[in-house]
Amino acid sequence: MRKTCMLLGMAFFLVSSLGLAPPAQGVDFSGKTIQWIIPFKVGGGSDVWARLYAPFFKKYLPGNPTVAVKNMPGAGSITGGNYFHTKARGDGLTVFGSSGSTSFPYLLGVSAVKYDFTKYHIVFASPTGGAAYIKPGLGVDSVKDLKGFKTKLNYASQGATSLDIIPLLAFEMLGLDVKGVFGYKGRGAGRVAFEQGETSIDYQTTTAFIKNVRPLVKQGLAVPLMSWGILDEKGSVVRDPVEPDLPSFPEAYEMVHGKKPSGPAWQAWKAFFVAGFGVQKAMWLPEKTPEDIVMAYRTAAAKILKDQEFKKVIEKSLGGYQQLVGKEARMAFNEVLSVSPESKKWLINWLKERYDVTVK
Amino acid sequence: MEAALKSLSIVLDPSHFMFLCAGVLVGLSIGILPGLGGIVGMSILLPIIYGMDPHSAFALLIGMVAVIPTSDTFPSVMMGIPGSSASQATIMDGYPLAKKGEAARALGAAFTASLIGGLFGAAVLTLIIPIARPIVLAFGSPELFMLALLGMSMVGVLSGNKPGKGVLAAGIGLMIGALGDAPAVPEYRYTLGIEYLMDGVPLVIVGLGLFAFPEIFDLLIKGRSISEVATLGKGWLDGVKDAIHHKLIILRCSIIGVIVGFLPGLGGSVVDWIAYGHIIQTTRDREDFGKGDIRGVLAPESANNAKEGGGLIPTLLFGIPGSGSMAVFLGGLLILGIQPGPAMVTEHVDLLYTAIWSLALANVFGAGLCIFLSKPITRLTIIPFAYLAPFMILIITLASYQASRGWGDLIALLVMGILGWVMKQYGWPRPAALIGYVLSDNIETYLFISVQRYGISWMTRVGVIILALIIIASLALGIFYQRKKTPKARSESRDYATQASQR
């Protein structure tokens, strides 16, 4: 075992010194260790995401630095975000991985948040999707039947200020009478509650939807309704390519109301949808990072996405979604940053009136 | 069957087998270190599994997690410090045995019980897979709330002859558990503006604070070795004989272990207490519990190994982890590109069997290695404790620091330690506080969900009524035996008193 390890190590060293000589440019991370701060626990979605990317950053960053994932969970990711904001230096050795749960308190203006995404440099971003489904036997065979549908429904939620803002607001915009039942620990628990009959409407991220909900659909235990959609280059929400048969939420809205969604509710929904799904996870460099280091990171990210091996990783573990690099990521995240004060205010007010939740 | 044999040949293939052994060694080491448990082990191994083939990764991870409840018995028995949250109840009788110089016997019994419990868990996992889904689905939030209450009802028996103090101690535990973010509403409780408290006090710190700290203090104050006798008494073979003699206890507690592991959301950290409470409840001659009764070692040790087999079911079939270590394991599955779900039984059935074989084999190796190690390690109990104490304090501090890696961990450890010491001094049952702490989140969450969803009518569900009857029966049984015991115990002490006065 030890011998093999040593041999492997030597082989690796040889290969790396011969084949991957550092490129002739100013930035060189050889012998350095890069800390990638993930403000969540080991084994969570963001942790897995970072660990899938980390070895490829080692491969493509100049000087092949070790990329270590550092988990800093706490206060729903605010602890890690604040640490990055106050402690990270602009030397490219500390990067941050944000998630929808990091963006939401930022958008809602939670007072504990010190981090400020307008100041950082985005390297790349990863979207994800979600799809909603309903209990059979209620007279709903597709999203069209939701027009004028008045049956009371239950939805298993983690909390009104979590990513569940998106399903809860979407259901309300479709005119559904959905009661949020709060306290469930994650989407997996929500799905089990649906299967138990404890709830009657639910959503899953598309990867979990494919593996866990499609079998239910086949057995006649669930009726798929819609996906939330994905963000296209122009910034509009279109059909999710992973679930092409399902209408996106804007399409569903049109089917039910006969017109395209608009107004403050829609503005707020879209802004939070982009933060929660469209660019759910993103890698950031701190404020004072020099241009060449930012470029080195973005170049590395672009190379990673062209790597054949990484394409397999995307297919298998990242839901098959097109990852966004550099400018694309920046533009997509601008949708989050440019949320108008009115939309925020509307949403905060909605949370207060509908769920009696005060954002502090 | 064919798939099972195919998976066995995969697991026994040298390259996979090596990973299983590596996993077992990591698991044993982590189990021996106080306070470190499955979550730490998983976190250490997770970065390694990237790019591994799933069979090897399963052998590594499951091999590790399967043996932690075996080796974590060492610190629990020998020093009265929980090796991991799964062996807290083992302290109650294991440690008094070590004080009597019978550490080897306690360890022998514990490892045999662990082995049988682990194999039982693996066997049940095999048999139950086809019918697992409907069983898991039968337990909705109201039923889970009642199960948490059943766990709370153990407080009575665990408090011995001080039920009043026990209930109050459980209340203290519930309050500690309520610190930090509320489970169902976006609010933080009693944080006093301190960021550390927003996530509550971590389990490992409560466990080490309440149990390890007071023990170290007292041993240092007394300035002696752990064992009160200079020679080590009965050997590990006696322990094995004890285990065989009490095979029915092991079987019963293994069943409890599997069920608790199997039900998502109950959390594995109470399984040892439930098994321990159960055995006291159903035993007539219970005077020796807490003073070194070997049955008090067998019960938690068989249950905590059996739990791992049960715990794999909700993780693999539903993607809902039953414990902290299973939550990290779930992340490992995603890194390997495996989505847990019903497809595990169809597409990945070979992996499922790999998991079962790894579990079974790891338990055999783990128990074997531990028995082999127990002889030299038990000698530690006759060393003057002053030599061991600095090392123990260091390890406990490090283990606590693992929880969230901030200053807050160390301060919380100190506060919990002082609380534990005060409780010990004044005879407040610490297990009751721990159970309250562990179950507080479940009790609150599931009650909250039940009331939101069903209003008052959740109480009329069949499952809830059945569980309520079980709770009443269990309380009644406890009181019944307690009454029966008391006159006898009184007469015994009178006898002792007369003897003493005659002398």
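The buried residues of α12(A) are Ala329(A), Ala332(A), Phe333(A) and Val336(A). They cover an arc of only 95° around the axis, so they lie on the same side of α12(A); the arc is that of the directions from the helix axis to the C-beta atoms. Buried means that 20 or more other C-beta atoms, placed from the backbone, lie within 10 Å of the residue's own. What covers these residues includes α4 (100-108), α9 (263-278) and β12 (281-285) of chain A.

This is a predicted model: local features need pLDDT of at least 70 and side-chain atom pairs pLDDT 80 or more, while totals for chains, interfaces and linings use all residues. Residues are numbered from 1 along each chain as its sequence is written, and chains are lettered from A and ligands numbered from 1 in the order in which they are written.

Chain A has 13 helices and 13 strands, taken as DSSP runs numbered from the N terminus (helices H or I, at least four residues; strands E, at least two). Of its 360 residues, 49% count as buried.

Chain B meets chain A through 37 residues, in contact with 34 of chain A, where contact means C-beta atoms, placed from the backbone, within 7 Å. On that side of chain B, α16(B) gives the largest share, seven residues.

Conventions: A residue is buried if 20 or more other C-beta atoms lie within 10 Å of its own, exposed if 12 or fewer, and partly exposed in between; C-beta atoms are placed from the backbone. Two residues are in contact if their C-beta atoms, placed from the backbone, lie within 7 Å.
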